[in-house]
Amino acid sequence: GNTWRDFTTEEFTNTFRAVVKPVKGLVFNFDYSNRIDNTGRTLRLNPFEYLKGNKFIPTVEGLNRLTEYRWKDKYNALNAFATYNLTVASQHNFKLLAGFNQEQFDRDRVEVTADDLLLEDLSNLSLATVMNSISGSAMSWAVRGFFGRFNYDYDNKYLLEMNARYDGSSRFPKDSRWGFFPSVSVGWQMDREKFWQNIQPYITSFKLRASYGKLGNQTVDVNTFRELMNVSRSNNWLNQGNPLVMAQTPAPLPSVVTWETTRSLNFGADIGVLDNKLTFNFDIYRKNVEGMYLPGEPLPAVFGASEPKENYASLRNEGYELGISYQNNFNVAGSPLRLRVGANVSNFKGIITKYNNPNGLLSSYYEGQRLGEIWGYRVQGQFQSDEEALAYQNTFVNPAVSLAKVYGDVFNVVQNSEWNSLRGGDVKYIDLNGDGKIDNGNNTLSDHGDLERIGNAAPRFPFGININASWKNFDFGMALSGIARQDWYPTGELYWGTYQRPYLSFLRKDLIDNAWTPDHKDGIYPQIYRGYSSLQSNRSLYQINDYYLTNVGFLRAKNINVGYTFSQELTRKIKIEKLRLYFSGENIFTWSFGGLTKYIDPEQAGSAINLSSPASANDRGDQRVYPMGKTYSLGLILDL
């Protein structure tokens with residue numbers, strides 16, 4: 001009917017730049033940019049008619065409402081810097097840079113909703129007879145910094161670079177707003193030394209690198225040190241016939257909030273052999289992150305609010321990066337085949353080196369913790385008969401209490417049913433500490449019950465492979481990427497099916513085929529009748545365990561393309577400068593290292609992990625997201 005919405009976006013961007021070269025080697029640079037974004041959104045709702053059930057009489061329903069949004073964002077940036085280059089005696093090369101940077105952002109947003117407009121065909125707030133709601137928001141931030149750089153190289157063999165920044169951010173209080181961030185790096189191009197001449201035929205190029213520096217991170221909320229009170233109108237309480245206006249208590253403020261700093265030490269080498277046809281790049285590093293912006297010491301629930309975030313913790317990251325590339329030409333059938341292959345792989349380990357968690361709660365950070373740790377229960381396969389399951393259940397004095405943590409779906413949900421006991425096909429949790437029950441104790445380092453470290457959610461050995469080749473008029477390219485290992489505990493209806501919700505209309509074929517039955521005892525899932533057993537905590541398939549922990553490592557063909565370019569001798573006869581046919585495919589195939597079901601995309605499953613929160617290291621985000629599609633393209637490029 002007359003229901004509609006209209007989105008309008010206007011963007012104005014302006015940049016002014018000037019370059020001045022007063023004397024040889026000296027250059028002054030100045031640029032100023034500003035951007036204004038205006039966004040307007042209008043939503044008009046009108047009553048509409050429709051047929052309800054089998055009735056032929058139209059039913060009129062719907063709101064008579066107009067909502068107007070007006071958003072305005074302003075951003076401007078100023079940069080001014082100068083560079084000076086000087087060469088002395090043809091071997092000593094100097095370069096000096098110094099500058100200033102400033103950025104500012106302002107946002108203003110207004111939203112108004114009004115009801116019962118006088119006319120359906122017109123949309124203006126002045127036509128409304130009832131004011132529904134008015135709200136608005138504003139935000140601003142600014143940064144200002146001074147920076148400098150000094151470069152020196154001697155005969156292109158010995159390299160030195162020194163950097164420094166002095167930055168201030170409005171995201172921090174005035175007494176902790178500024179930070180100084182220096183760095184230094186050195187390099188030695190050994191292959192340019194005289195003694196390298198005898199090695200040159202074997203190792204064409206060889207460069208050693210080292211660097212040390214301190215960087216600042218200001219990615220915190222804009223109002224970290226301000227007490228904010230959310231003001232709203234009550235729909236449940238009246239004062240003399242008028243709705244009450246409420247202001248919520250502000251969240252507790254942190255005692256310290258300033259720059260998070262990272263001190264990095266890096267050693268690397270660049271090596272080329274076979275006339276640089278084969279090259280290697282290797283880096284090994286250590287990064288110490290200090291003043292991490294995280295929730296503070298865990299507080300008791302009676303405190304009444306969440307722990308405020310502040311510069312509270314320290315982290316040490318250690319890792320390496322390796323890159324290999326090969327390029328060469330081969331004569332194939334009288335024509336050169338040009339080939340270039342590149343591959344890279346990396347890995348890192350993060351350890352918490354400082355955090356005040358005196359009770360050693362596993363739900364929070366603790367000193368010595370490795371990022372991505374997954375704590376879970378051990379499972380000794382599945383019961384192969386009802387008798388075996390009942391015998392195991394009877395070994396516990398009070399199964400309804402001793403096993404409730406991991407089998408809650410049995411002892412707390414389906415009482416007075418033939419399924420109120422363990423059955424064949426159910427998983428067998430192990431009482432590791434022998435205390436006659438299966439639970440997580442106090443969920444602390446000193447008392448974690450039957451929990452153990454069973455995996456790690458951090459991606460390990462991410463890699464990429466690129467292949468490009470051309471021969472005559474044909475060209476080929478392929479880009480592969482993946483992760484060798486990443487542990488993930490399954491979640492969601494796409495994986496668990498009826499174990500999540502028995503009434504699902506979508507069922508995985510491979511889930512049913514792999515469910516345990518008395519006649520199919522090699523099925524890895526319990527009997528289908530175990531409904532809701534993976535839906536929420538204290539249920540047998542929801543508890544993280546090593547039996548269903550899955551490696552979501554994968555290899556994916558991100559892109560494959562094949563093309564043919566017609567000879568210009570032919571195309572120019574018909575006045576065509578270039579004519580190329582090509583085929584391109586995106587995400588053509590994905591191979592899961594852990595044998596993951598084809599219904600789950602391993603890249604999306606791994607992306608749900610949040611290493612910034614210990615409680616989310618085993619995050620099992622629902623996989624009901626827009627599916628990763630395969631795209632095939634057949635195209636023609638024509639230049640006249």
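Trainee: I'd like to learn to read this structure; in which strand does V186 have its place?

Mentor: V186 sits in strand β9. Strands are DSSP runs of E, at least two residues long, numbered from the N terminus. Keep in mind that this is a predicted model, where local features need pLDDT of at least 70, side-chain atom pairs count only at pLDDT 80 or more, and totals for chains, interfaces and linings use all residues. Residues are numbered from 1 along each chain as its sequence is written, and side-chain values use heavy atoms, with hydrogens and water left out.

Trainee: Why does V186 count as partly exposed?

Mentor: Buried means under 20% relative accessible area, exposed over 50%, and partly exposed in between (1.4 Å probe, protein chains only). V186 has 44% relative accessibility, so it counts as partly exposed.

Trainee: And L480, is that residue buried or exposed?

Mentor: L480 counts as buried because its relative accessibility is 13%. You will find L480 in strand β22, residues 474-485. Look across to I560 as well: L480 and I560 are 80 residues apart along the chain, yet their C-alpha atoms are separated by 8.8 Å.

Trainee: How many cavities of 30 Å³ or more are there?

Mentor: A cavity is a set of points, on a 1 Å grid over the protein atoms alone, where a 1.4 Å probe fits but cannot get out; lining residues have an atom within 4 Å of a point. Points are joined across faces, edges and corners, and the volume is the space filled by probe spheres set on them. Here the count is one, and the largest cavity has a volume of about 40 Å³.

Trainee: Which strand gives the most to the lining of the largest cavity?

Mentor: That is strand β16, residues 335-354, with three residues. The lining of the largest cavity includes F348, K349, G350, R370 and L371, and N456, A458, P459 and R460 are also among its residues.

Methods. Helices (H or I, at least four residues) and strands (E, at least two) are DSSP runs, numbered from the N terminus. On a 1 Å grid over the protein atoms alone, a cavity is a set of points where a 1.4 Å probe fits but cannot get out, and a pocket is an open set with protein on both sides within 12 Å along at least five of seven lines; lining residues have an atom within 4 Å of a point.
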